Amino acid sequence: MNWFLKGTLTATLLTMGGVGAMAAPGVTEDKIVLGAVDPLTGPPSLLGKAHSLALKVWQEDVNARGGINGRKVEIVFEDDGYVPARSLQSLKKMVEVDDIFALIATSGSSQLAAMMPLIDELGIPALNNMAVNSHQFNPPLETLFVVGPTYCQEIAAGMTYLVEELGLKDEKYAIAFQDDEFGDDVRCGYLAGVEKYGLDNVLELEFKRGQKDFSAEMLKARAAGVTVLVSGGVVAEHSTLLKEAAKNRMDITFLGQHSAHLTPVQALAGSAGDGYYAADYVPALNSLEVPGVARFMDLANKYLSESEMDSLNRYALAGYAGAMIFEHAMTECGEDLTRACVVKKMEGLDGFETDGLFGPVTYGDGVRHAPTAVMVLQSNAEDKTFSIVSERMEVE
Amino acid sequence: MDYFILLTVSGIAIGVIYGLIGMGYALIFKATSVVNFAHGEIMMLISYMAFSIASSWTLPFWGLLLVCVFISAIVGLVIERVFIRPMLGQDVFSTVMVTIGLAVMIRAVVVLIWGADPLLLPTDIGDSGVEFGLVFLYTSQLYAIGLLAFCVLGMWVFLRFSRMGVAMRATAARETTALLMGINVTHVYAIAWAIAAVIAGISGVLLGTIYGLGPDLWTQGLRAFPAVILGGLDSVFGAAISGILIGVLENLSEGYIGQGLKEISGFLVILVVLMIRPYGLFGTPEIERV
Amino acid sequence: MRTGVFEESYSELISLYRNPTQTYWTVALVLAALVAPLLLTNHLTSLVNGMMIAAVGVIGLNLLTGTTGLISFGQAGFLAVGGYTAAVLSADYGMPLWLCLPASGLMAAAFGLIVGIPSLRLKGLYLAITTMAFTIIITHIILSAESITHGSSGISTPKPAIFGVELATDKSFYYLILAILTLAILGSANIKRSRIGRAFLAIREQDIAARVMGVPVARYKLYAFVVSSFYVGVAGALMAYHIRFVNVDSFSLVISIEAVSMIIVGGLGSTAGAVIGVVFVLGLAEVLNYVIGSMGGTLGSVSVLELKGFIYGLTIVLFLRFEPEGLMGIYREYKNRWVNWPFRY
């Protein structure tokens with residue numbers, strides 16, 4: 001039975017795969033095929049769904065405007081469920097079966113790490129705007145472009161805001177970080193801030209991934225008299241830390257990295273979720289004073305259903321802005337759209353603006369990381385929004 | 001000393017929840033010799049259902065709990081009838097694998113219906129807490145302690161004095177003989193699953209109130225395994241007590257030694273204890289006749 | 001119907017196949033396996049590679065759980081040990097593949113020995129949960145021993161190359177995996193027919209009685225763990241080379257449970273069952289991916305994708321309900337009917 005299934009599958013795929021020769025893979029007279037790997041199922045789908053919906057909105061919009069130099073854009077979405085082995089498998093499938101031109105969504109950092117050898121080998125232009133990690137550009141791959149600060153840079157900028165704008169120089173600082181690479185990155189930013197301003201670092205709390213109960217950790221913090229807490233949680237951890245602090249009657253200033261900039265984090269923390277700070281490199285969905293946000297929300301309202309609108313969050317903005325960068329590079333290449341050309345155009349970006357969604361994007365020869373700029377947002381639990389409270393801090 | 005007390009109290013607070021979850025595992029194992037790997041998922045399902053109910057009607061906490069008890073009993077009965085009853089007569093291991101398959105299914109269903117965002121269970125005691133001198137506890141955590149005591153007492157009374165309870169003990173001891181004595185074993189199974197589901201529902205609502213809901217709530221079910229193994233897979237009271245022990249142990253080891261030891265201290269402990277008492281602290285040794 | 005099959009010499013007694021038909025079919029299978037990569041696309045070859053690697057691991061698990069009856073959910077831990085050993089040795093120390101593979105197997109076997117010790121005291125589901133505890137502890141150790149394992153960043157492995165021949169593409173790697181899989185199958189089949197295999201069966205049926213009959217139960221239980229972990233360790237190493245990236249995320253508890261479901265679906269206790277179980281379960285996942293993926297269209301409704309998990313779980317439940325002997329059970333039944341026709345038995 002299985003041989004039959006496999007045989008049918010093979011036959012179907014083989015017939016599908018037989019397309020005529022093209023100038024560049026994924027590019028025909030009237031079509032460009034792009035690939036997107038995102039976690040669309042399971043708990044991380046919080047990120048993946050928003051990201052892919054934004055790409056869908058961009059696709060509809062570009063095609064409504066006539067496509068890129070007359071070619072319509074077609075995005076193939078693959079779900080990797082946040083498992084690195086599946087990400088690699090999806091990429092292989094997209095290269096073989098769908099013949100993609102480039103990759104505009106690369107899922108999380110371990111997922112991208114699994115795909116990097118193949119991206120490098122085949123020279124597929126790829127853009128990562130979701131999970132930034134120094135391994136991705138140190139050493140740089142010719143065709144992989146990363147936009148957005150590392151957590152280290154993000155939190156360091158956040159710390160700058162805490163000290164310089166809020167004047168929290170003499171407080172007792174603590175950090176809660178996860179026991180993995182992501183946590184280490186957050187801690188790096190924290191220590192950078194501590195060192196720069198000579199802050200009083202009283203406690204470093206390491207916790208295990210997936211941990212739900214932080215009572216012991218927060219008791220330690222209370223005993224140490226902590227007044228500023230930097231949080232390296234994923235999503236729910238931020239809320240639990242906030243709630244534990246409130247429960248223990250601790251009056252703390254809370255700073256999270258960009259995953260704290262999500263409405264579920266606010267909602268889950270209840271009343272404790274008001275007034276905390278999050279450092280991010282994209283504005284809030286309700287920051288309509290930013291032209292990019294206003295335009296995206298307009299388009300989203302036009303092309304998405306109500307329930308899909310509910311799934312949007314900051315990952316959607318990052319995805320849309322990333323797509324804008326790619327659109328620019330592809331448009332610049334004109335009729336003769338090849339992978340080499342797109343890579344060249346991306347490389348040549350210098351201070352490229354995305355209508356306020358990202359800070360200025362700059363790449364260069366051998367430079368594949370554009371940290372752009374970081375801003376700090378504050379949570380308003382009552383109307384479930386975030387507001388930008390700081391200036392844009394450009395990151396080197 | 002203060003620190004120690006604080007850690008112990010918060011350990012008890014999480015431990016009672018482990019104890020409740022463990023009681024569910026133990027009850028099903030006791031009655032049917034099956035380890036129900038879907039227990040955490042059933043707990044998650046019922047807590048999400050509670051979320052839907054609490055979002056539509058504002059109920060006081062106890063009202064919500066009561067409604068959940070009803071729903072859990074029905075869910076437990078349905079699952080037993082549809083998935084477990086047909087496996088009667090087959091190898092225990094196969095039934096265990098069915099519960100694993102069931103777990104996968106429930107996980108997918110929960111995300112299908114409620115999405116993957118973390119959610120807050122809206123109850124009227126949500127954020128309120130109580131202060132006992134040094135110690136702060138959420139009202140819900142106090143309720144949890146009370147509910148565990150209530151469930152333990154209730155189970156004791158049920159198993160000791162009620163007809164169905166005695167029948168359950170008889171089935172657990174010797175199933176074939178119980179059948180010969182006229183006990184309706186299928187009814188016993190159904191009731192065992194229903195009660196276990198009720199306990200799961202209660203722990204689910206408590207977890208949801210204290211920590212919020214998320215599509216990974218089922219991992220808390222796994223965290224309760226050390227509790228039920230330590231107490232002995234077939235000892236309901238053992239599970240309750242070991243739950244508290246494990247909760248305290250986790251917090252103490254995290255508080256004094258740190259390094260994320262909280263997660264694995266439970267498992268390390270059961271490794272050691274099992275070598276000394278292979279059936280757990282309170283479990284009944286299986287007598288094998290060759 | 002087959003009659004007149006006599007074993008007249010020792011070599012006939014111990015030969016794998018008694019029957020020319022069986023031999024011909026096996027040869028055909030081997031030829032098909034050799035020719036397959038030339039007919040399949042790269043993507044499908046990659047899938048088949050994944051299946052074969054899983055098969056090596058599951059054959060090991062089958063020796064432990066199917067043949068010896070020691071239920072183990074610790075496979076993910078041994079896979080992790082094997083994968084990380086291969087990754088660390090090849091990426092950090094530059095050791096060649098033909099050294100890394102056995103090294104990973106031996107490393108996993110050492111861990112298997114440790115994990116096997118509780119099995120001397122514990123029975124049934126207590127043992128199963130203890131092995132689960134080991135997976136969690138091994139994952140924790142891997143995360144903590146950052147100096148060796150790079151902690152949570154994961155390790156990227158170099159391309160597989162054997163004796164100077166680069167096996168960079170999936171198609172060339174296929175042949176190496178095929179060779180290892182063949183060795184694994186032969187090894188497992190031979191163990192089962194040997195004194196050790198019979199001891200395993202005795203332990204599965206009733207270990208106290210086995211001890212009474214003179215089988216050194218403690219020693220053989222440990223053998224079972226060691227041998228099965230060796231298989232799984234080698235599978236882990238192959239995985240590291242296949243995906244070119246190891247990370248604790250790839251070795252979660254869910255993998256252990258998947259592995260056990262594969263042997264159950266295939267048929268507990270038989271090597272062929274292990275392989276077929278792997279093909280069915282992984283193949284099903286791929287087919288579902290494809291079917292529901294194309295239904296989701298260009299993100300028609302993203303939630304539809306969750307159905308994948310649901311149908312996967314449902315399949316396992318249905319299989320256990322209706323076909324507890326697994327696919328091998330179905331095969332055996334039909335084969336018996338065919339062989340014994342027109343008689344019933």
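1. A:V33 counts as buried because it has 21 C-beta neighbours inside 10 Å; the cut-offs are 20 or more other C-beta atoms within 10 Å for buried, 12 or fewer for exposed and partly exposed in between, with C-beta atoms placed from the backbone. Keep in mind that this is a predicted model, where local features need pLDDT of at least 70, side-chain atom pairs count only at pLDDT 80 or more, and totals for chains, interfaces and linings use all residues. Residues are numbered from 1 along each chain as its sequence is written, and chains are lettered from A in the order in which they are written.

2. A:V33 sits in strand β1 of chain A, residues 31–38 (strands are DSSP runs of E, at least two residues; helices are runs of H or I, at least four; both are numbered from the N terminus). Beyond four places in sequence, its contacts are A:G26, A:E74, A:V76, A:D98, A:D99, A:I100 and A:F101 (contact: C-beta atoms, placed from the backbone, within 7 Å).

3. On to chains B and C: their contact takes 35 residues from chain B and 34 from chain C. On the chain C side, α6 (124–144), α10 (207–212), α12 (253–266) and α14 (307–322) each supply at least two residues, and α14(C) gives the largest share, 10 residues.

4. Two spans of chain B are worth a look. Residues 135–159 have end C-alpha atoms 35 Å apart and are 84% helix and 16% strand. For residues 188–213, the end C-alpha atoms lie 32 Å apart, with 92% helix and 0% strand.

Terms used
Contact = placed C-beta atoms within 7 Å.
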